[in-house]
Amino acid sequence: MGCTDRSWFGGCFARTVLGVDRRRDIQEFLTSRRARLSPERAGLVRTGDQRRVAGLRREEVATLAGVSVDYYARLERGQLAGASDSVLDAVARALQLDEAERQHLFDLARVLEPRPASRPRRKPAPPTGPRQAVLSILAGMADLPAYVRTPRMEILAANGLCRALYGGALNEDRLPLNLARYLFLDPHSRGFFTDWESVADDLVGALRIEAGRDPRDRALSDLIGELSTRSDEFVARWARQNVRLHRTTRKRLQNRVVGEIELTGNALELPADDLVLIAYTADPGSPAEDQLRLLASWAAGQETTESSKPSSVTD
């Protein structure tokens with residue numbers, strides 16, 4: 001592999017840090033998935049011998065996947081480059097990977113393959129924020145708290161009801177706000193997210209999915225590096241190798257106006273903009289539905305008060 005500006009050695013035949021890190025990620029991911037799967041759950045019969053490893057042995061995974069032990073051992077050492085889709089599918093079935101884990105395995109394998117010159121790199125979010133059409137969609141969702149973020153968890157814009165829901169954390173003068181930094185580095189996040197532990201688990205799992213999808217994203221790797229040096233909570237979760245697809249999830253939030261409110265966060269991808277729109281909904285007829293109406297009424301009152309204030313004039 002050719003050298004990059006992040007190579008650990010300057011010689012022309014050195015491996016890149018990218019290649020080294022990907023192989024370690026693959027090894028840790030596969031071994032952690034193997035360790036959690038018991039022989040009984042995999043449909044194997046225990047032979048009564050003393051097991052020295054947690055979960056399945058390599059040879060048992062190889063048998064379940066229909067590959068040789070030596071070949072699977074190479075895969076688990078991080079040598080996924082060139083593995084066919086059928087082999088990856090077989091390994092995913094043997095380890096009983098869910099949808100997010102299977103996608104992560106394929107992402108880890110594909111990133112080790114030669115990068116076609118014509119393959120477009122991800123475009124970073126424009127510094128001016130989302131385009132006007134996206135902002136209009138946000139504003140039009142007046143009855144639902146909603147915001148737009150990047151895959152790196154940078155919230156770029158939020159509508160009025162969402163700003164009210166987050167209690168000022170998403171005010172325009174504080175955007176962009178990175179959710180990962182807010183969650184792990186701002187102590188106020190623990191008071192806002194009632195289920196802080198599960199929210200933290202989901203967010204780290206989503207970041208790991210993103211890191212597997214595009215390890216060349218310098219901004220993302222810098223974010224992960226920063227959190228790894230500043231938050232033990234983040235480090236512990238990152239080491240678990242768990243992955244999540246951020247599509248829909250229940251959240252309990254503590255708001256100073258309506259108290260604790262339980263909502264469902266729904267993620268809608270905007271591929272053309274490389275953005276994700278998150279909208280919170282309440283179950284029909286639930287207390288949360290009434291709470292959202294009350295919060296919307298309060299937010300509208302706040303906007304009316306602000307707009308009625310006389311503006312200062314400088315002579």
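Reader: Where does Gln-241 sit?

Author: Gln-241 is in the loop between α12 (232-238) and β4. Helices (H or I, at least four residues) and strands (E, at least two) are DSSP runs, numbered from the N terminus. Keep in mind that this is a predicted model, where local features need pLDDT of at least 70, side-chain atom pairs count only at pLDDT 80 or more, and totals for chains, interfaces and linings use all residues. Residues are numbered from 1 along each chain as its sequence is written, and side-chain values use heavy atoms, with hydrogens and water left out.

Reader: Why is Gln-241 called buried?

Author: Buried means under 20% relative accessible area, exposed over 50%, and partly exposed in between (1.4 Å probe, protein chains only). Gln-241 has a relative accessible area of 1%, so it is buried.

Reader: Which peptide bond is called cis, and what is its omega near?

Author: The bond from Leu-175 to Pro-176, with omega near 0°. You'll find Pro-176 in the loop between α7 (160-165) and β3 (177-178).

Reader: How do you know that Arg-22 and Asp-25 form a salt bridge?

Author: The rule asks for a side-chain nitrogen of Lys or Arg within 4 Å of a carboxyl oxygen of Asp or Glu. In this pair the closest N and O atoms are 2.7 Å apart, and Arg-22 and Asp-25 do form a salt bridge. Both residues lie in helix α1 (residues 17-35), three residues apart, about one turn of the helix.

Reader: What makes Arg-36 and Glu-101 a link between distant parts of the chain?

Author: Start with the bridge: Arg-36 and Glu-101 form a salt bridge, the closest N and O atoms being 2.7 Å apart. Arg-36 is in the loop between α1 and α2 (58-65), Glu-101 is in helix α5 (residues 99-110), and they are 65 residues apart. Arg-36 has a relative accessible area of 35%, so it is partly exposed, while Glu-101, at 4%, is buried.

Reader: And why is the pair Arg-131 and Asp-273 said to tie parts together?

Author: Arg-131 forms a salt bridge with Asp-273, with the closest N and O atoms 2.6 Å apart. Arg-131 lies in the loop between α5 and α6 (132-140) and Asp-273 in the loop between β5 (259-270) and β6 (275-281), so the pair ties together parts that are 142 residues apart in sequence. With a relative accessible area of 48%, Arg-131 is partly exposed. Asp-273, at 18%, counts as buried.

Reader: How many salt bridges does the structure hold, and which residues are linked in a network?

Author: The structure holds 28 salt bridges. Arg-190, Glu-197, Asp-201, Glu-233, Arg-237 and Arg-240 are linked in a network of them.

Reader: What makes a space in here a cavity, and how many are there?

Author: On a 1 Å grid over the protein atoms alone, a cavity is a set of points where a 1.4 Å probe fits but cannot get out, and lining residues have an atom within 4 Å of a point. Grid points are joined across faces, edges and corners, and a volume is the space filled by probe spheres set on the points. By this rule there are two cavities of 30 Å³ or more. The largest has about 100 Å³ of space, and its lining includes Met-153, Phe-193 and His-246. The elements giving two or more residues to that lining are α8 (179-185), α10 (196-213) and β4 (248-255).

Reader: What lines the second largest cavity?

Author: Tyr-147, His-246, Thr-249, Lys-251, Gly-265, Asn-266, Ile-278 and Tyr-280 line it, and about 30 Å³ of space lies inside. β4, β5 and β6 each supply at least two residues of that lining.

Terms used
1 Å grid on protein atoms, 1.4 Å probe; cavity = no way out; pocket = protein on both sides within 12 Å on 5 of 7 lines; lining within 4 Å.
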